[in-house]
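Hello,

I am passing on the structure we talked about. Please open it next to this email, and then read on for what turned up.

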Amino acid sequence: MAAYKPTMSYRLIYIFTIHDAQHEGYWKIGKTNFDSVNSYKQLPPNCTELNCAARDRIDQYTKTAMVEYDLQYTELARRTVTFPDGTTDTELFDDDDVHNVLYNSGFSARKFSNSNQDSEWFEVPLSVAIRAIQAVKEGRTALTAAEKSEGQISFLPQTVPAVPKKRAITLRDEQMDCVNQTLRVFRKENSMLWNCKMRFGKTVTAYALIKKAGYQKVIVVTHRPVVEDGWRNDFDLIFGEGDNRAFLKKDRFDTDSSVYDAAMDARNDANLTAYQNSGKAFVYFASMQDLRGSQRADGKFDKE
């Protein structure tokens with residue numbers, strides 16, 4: 001039996017940019033939480049695990065909008081605090097703390113929509129944004145005059161490795177037989193039931209079917225939303241480099257069917273419609289819970 005590995009919860013600050021005329025010169029400074037079996041000493045700035053956690057978060061609000069971005073920096077949002085009696089402890093800090101340091105240092109943020117929320121896009125050199133994170137860790141509320149000047153940083157790495165290439169897999173003979181037999185059935189019928197043994201690899205086989213058949217718009221419907229991670233991870237095993245197909249999903253509602261967020265549902269519909277109209281291929285992951293409470297399922301909400 002494998003040894004139990006304790007899991008720790010962390011928060012990180014990430015900085016990324018979008019290379020278009022509207023965002024030129026601006027950096028998005030955000031945050032995300034993640035769990036890890038590693039200690040904080042094993043999670044230095046720009047390490048693979050931090051970068052992957054940041055990209056998972058950024059993908060949530062850029063993939064559906066078909067926005068390409070470059071991740072530039074990641075670091076744990078963790079600092080040491082000293083109490084009046086001389087004892088010390090660690091605490092998490094927020095991206096708002098970094099924003100406030102930049103505001104207090106004379107830098108401005110830009111809003112890209114008619115929102116009442118403060119923007120996370122700052123017109124500031126990357127090196128200065130990284131120094132703002134360091135200032136928060138040191139308990140300071142503003143940068144010094146020297147820190148506000150653009151330049152290289154010696155105490156922290158600045159280079160985020162490129163996104164690792166997607167590793168591809170080769171299907172087993174029984175999986176390819178399943179794909180080919182299904183395609184033959186689909187020439188005459190609209191459905192086929194796979195009665196596969198445990199650990200057969202139904203997800204990757206389904207993706208291989210989609211790829212070989214050339215299906216452009218696919219919806220995956222499940223009774224178990226928790227399998228989303230498996231479908232997302234296996235997606236990269238089949239649709240590797242050179243395939244621009246996207247993996248889409250809904251922003252989640254509360255699992256309680258009585259809770260409904262019309263604004264969120266409208267954003268989901270708009271994002272999916274934009275992708276449909278773009279002509280790009282995609283796989284859309286959904287669950288039966290997405291229909292819960294909808295008019296189509298005898299509910300009262302006008303869900304799409």
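Does Glu75 count as buried or exposed? At 3% relative accessibility, Glu75 counts as buried; here buried means under 20% relative accessible area, exposed over 50%, and partly exposed in between, using a 1.4 Å probe and protein chains only.

Some notes before you go further. This is a predicted model, in which local features need pLDDT of at least 70 and side-chain atom pairs count only at pLDDT 80 or more, while totals for chains, interfaces and linings use all residues. Residues are numbered from 1 along each chain as its sequence is written, and side-chain values use heavy atoms, with hydrogens and water left out.

Back to Glu75: its side chain meets that of Lys137 in a salt bridge, 2.7 Å from N to O. The term stands for a side-chain nitrogen of Lys or Arg within 4 Å of a carboxyl oxygen of Asp or Glu. Lys137 is in helix α3 and Glu75 in strand β3 (residues 70-76), so this pair ties together parts that are 62 residues apart in sequence. Helices (H or I, at least four residues) and strands (E, at least two) are DSSP runs, numbered from the N terminus.

The whole structure has 8 salt bridges. Another joins Glu138 to Arg140, with the closest N and O atoms 3.0 Å apart. Glu174 and Arg172 also pair up, at 2.8 Å from N to O. Through shared partners, Glu138, Arg140 and Glu147 form one network.

Next, the interior. A nonpolar core is a set of buried Ala, Val, Leu, Ile, Met, Phe, Trp, Tyr and Cys residues joined through side-chain atoms within 4.5 Å. The largest one has 22 residues, and Ile15, Ile29, Leu102 and Val124 have the most contacts inside it. Two or more residues each come from β1 (8-17), β2 (27-36), α2 (95-104) and α3 (126-137). The largest share, 8 residues, is from α3. Apart from this core lies another of 19 residues, including Val204 and Leu237.

Finally, have a look at α2, where Asp95, Val98, His99, Val101 and Leu102 are buried. They sit on the same side of α2 because they cover an arc of only 155 degrees around the axis, taken from the directions from the helix axis to the C-beta atoms. An α-helix has 3.6 residues a turn, so residues three or four places apart point the same way.

Enjoy exploring!
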